[in-house]
Amino acid sequence: VALVQKNGLYGYINRAGKELTPIEYEDARIFIGARAAIETDGTWGFIDRTGATVISPKYRVVSDFSEGLATVCLDSKCGFIDISGEMAIPLTYSDASFFSEGLTAVEVDGKAGFMDKNENMVIAAEYDLVVNFSEGYALVSLDDYYGFIDRSGKRITAIEYDDAYDFSNGLALVEREGLYGFIDVTGAEVVPAIYEEEPEFI
């Protein structure tokens, strides 16, 4: 199934070029598994791979499905639905990300932390910003500085970097005072932050 655009609107075709849906959506995304998000009249829902609308558009924001759930926001609150559209986690959060490695970032009373699918706050909402876990570690921010935590919430670095990026292949790019380097999963700077441009390993 391919996402296509025509006259500013979106729809889907199969490999034979047959339209599975009319080219009528204001916005749309590629399929992730069995569902694709579509926007109609400013609200979002989901279709299946036959082109049928299986979750009617009614949400102002949706994520793609990840680990069986999709984030949905209605008015000023966010929660999670399952693939059938049933509410799995109520619309009680100010903001929420998607599930990754069994946890999702949520905002509670203006601070961010992580919860599991049973709504247990595994890592307390004490940060200004958190980014979903990657390779077992998450980027967090306080007072415009960045650092990393593990799944237990333990900080593997101080919250001291001006910027930082997710772990990939065991390393994370960090920036301090305009200079770049890499840390490993122990928090050690295996490549010191002394370079003026972001190094790229090939």
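1. Start with the largest nonpolar core, which has 12 residues in all: L103, A105, A112, F114, I123, Y127, V130, F133, A138, V140, I149 and I159. Three strands each supply at least two residues of this core: β13 (111–115), β14 (121–127) and β16 (137–142). Keep in mind as you look around that this is a predicted model.

2. Now click on V140, one of the residues in that core. Leaving aside residues up to four places away in sequence, V140 touches Y127, L129, V130, Y145, Y146, G147, F148, I149 and I159.

3. There's another core of 11 residues, lying apart from the largest one. Among its members are I156, F167, V174 and I183.

4. Strands β18 (residues 163–168) and β19 (residues 171–176) run antiparallel and are joined by four bridges.

5. Last, the cysteines. The count comes to one disulfide, formed by C73 and C78, with their sulfur atoms 2.1 Å apart. The link is right-handed, with 100 degrees about the S-S bond of C73 and C78.

6. Are these two cysteines buried or exposed? C73 has a relative accessible area of 4%, so it counts as buried, since the cut-off for buried is under 20%. C78 is buried too, because its relative accessibility is 1%.

Conventions: Residues numbered from 1 in each chain as written. Predicted model: local features only at pLDDT ≥ 70, side-chain atom pairs only at ≥ 80, totals over all residues. Heavy atoms only, no water. Core = buried A, V, L, I, M, F, W, Y, C linked by side-chain atoms within 4.5 Å. Buried < 20%, exposed > 50% of the residue type's maximum accessible area, 1.4 Å probe, protein only. Contact = heavy atoms within 4.5 Å. Pairing = 2+ DSSP bridges. Disulfide = S-S within 2.5 Å.
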